[in-house]
Amino acid sequence: MIPEIKKDAQTRMTKSVDALRHELTLLRTGRATTALVDHIKVNYYGSDMPLSQVATIAVADARSLTITPWEKAMVAAVEKALLASNLGFTPNTAGQVIRINLPPLTEERRKELGKHVHHEGENAKVAVRNVRRDAIQHVKELLKDKHVSEDEVRRAEEEIQKLTDKFVKDIDDAVKAKEQELLAV
């Protein structure tokens, strides 16, 4: 029973850290990355499709992306979706290739993004701590129902706390890495 609770807690904590990492990849740093446009949906003959399923996305250089739709008719739809995404850049179309030039981040914007990264990290830590609280609560319910001894509960709580500390450290590392990436000019 206790191993199942710990395994569930570990799975949920891993999901929290993965969600944070995914959220951080969507933040625009000074460097071009295909992850910036991964979440954009394009109207493809009446249904919304991810951009990566209707076009080839490539990093041309450190500050620009190229998007090449597979069908010539899709160029306008892809451009429209990029403009509607509110990512703060304007696509330039040359024939069938759409180029996105990423402007360098201002110092003010870097600080704002740094605060956002820190905020996301705190939210992930809260999620991990909530998982810890739930797991410990389940273990205490087992004690109340007399399925486990107090020693087993104490040992399980310590192991769950160690798990929590490990995931909080992972979150801190991810946040620190993203902040370093933001500050790199």
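Leaving aside neighbours within four places in sequence, which residues is S16 in contact with? The residues are A124, A127 and V128, where contact means heavy atoms within 4.5 Å. S16 is found in helix α1, residues 2-25.

The model is predicted: local features need pLDDT of at least 70, side-chain atom pairs count only at pLDDT 80 or more, and totals for chains, interfaces and linings use all residues. Residues are numbered from 1 along each chain as its sequence is written, and side-chain values use heavy atoms, with hydrogens and water left out.

The protein chain holds four helices and six strands. Helices (H or I, at least four residues) and strands (E, at least two) are DSSP runs, numbered from the N terminus. Along the sequence the pattern reads α-β-β-β-β-α-β-β-α-α. The radius of gyration of the protein chain is 22 Å, well over the 16 Å that the globule rule gives for 185 residues, so the chain is more spread out than a compact globule. This radius is taken over C-alpha atoms, and the globule rule is 2.2 Å times the number of residues to the power 0.38. The C-alpha trace spans about 70 × 40 × 20 Å along its principal axes.

Buried residues make up 36% of the 185 residues. Of the contacts with a separation of 6 or more, 67% are accounted for by residues 24 or more positions apart. The protein chain exposes about 11,000 Å², and carbon and sulfur atoms supply 51% of that area. Accessible areas come from the Shrake-Rupley method with a 1.4 Å probe; for residues, only the protein chains shown count as cover.

The charged side chains number 30 positive and 29 negative. The centres of the two sets lie 3 Å apart. Lys and Arg count as positive and Asp and Glu as negative, while His and the chain ends are not counted. The place of a charge is taken as NZ of Lys, CZ of Arg, CG of Asp or CD of Glu.

Strands β3 (residues 55-61) and β4 (residues 64-69) pair in the antiparallel sense over six bridges. Two strands pair if DSSP finds at least two bridges between them. A55 has P69 in β4 as its bridge partner. The two strands form a hairpin, with two residues between them.

Two loop residues have positive phi values. Most residues other than glycine have a negative phi. Y45 has a phi near 50 degrees. Y45 lies in the loop between β1 (41-44) and β2 (47-50), and is exposed, with a relative accessible area of 59%. K146 has a phi near 60 degrees. K146 is found in the loop between α3 (107-144) and α4. At 73% relative accessibility, K146 counts as exposed.

T11 is found in helix α1, with a relative accessible area of 36%. Q161 lies in helix α4, residues 150-183, and has a relative accessible area of 28%. Q161 and Q137 are 24 residues apart along the chain, and their C-alpha atoms are separated by 13 Å.

How values were computed. Buried means under 20% relative accessible area, exposed over 50%, partly exposed in between (1.4 Å probe, protein chains only).
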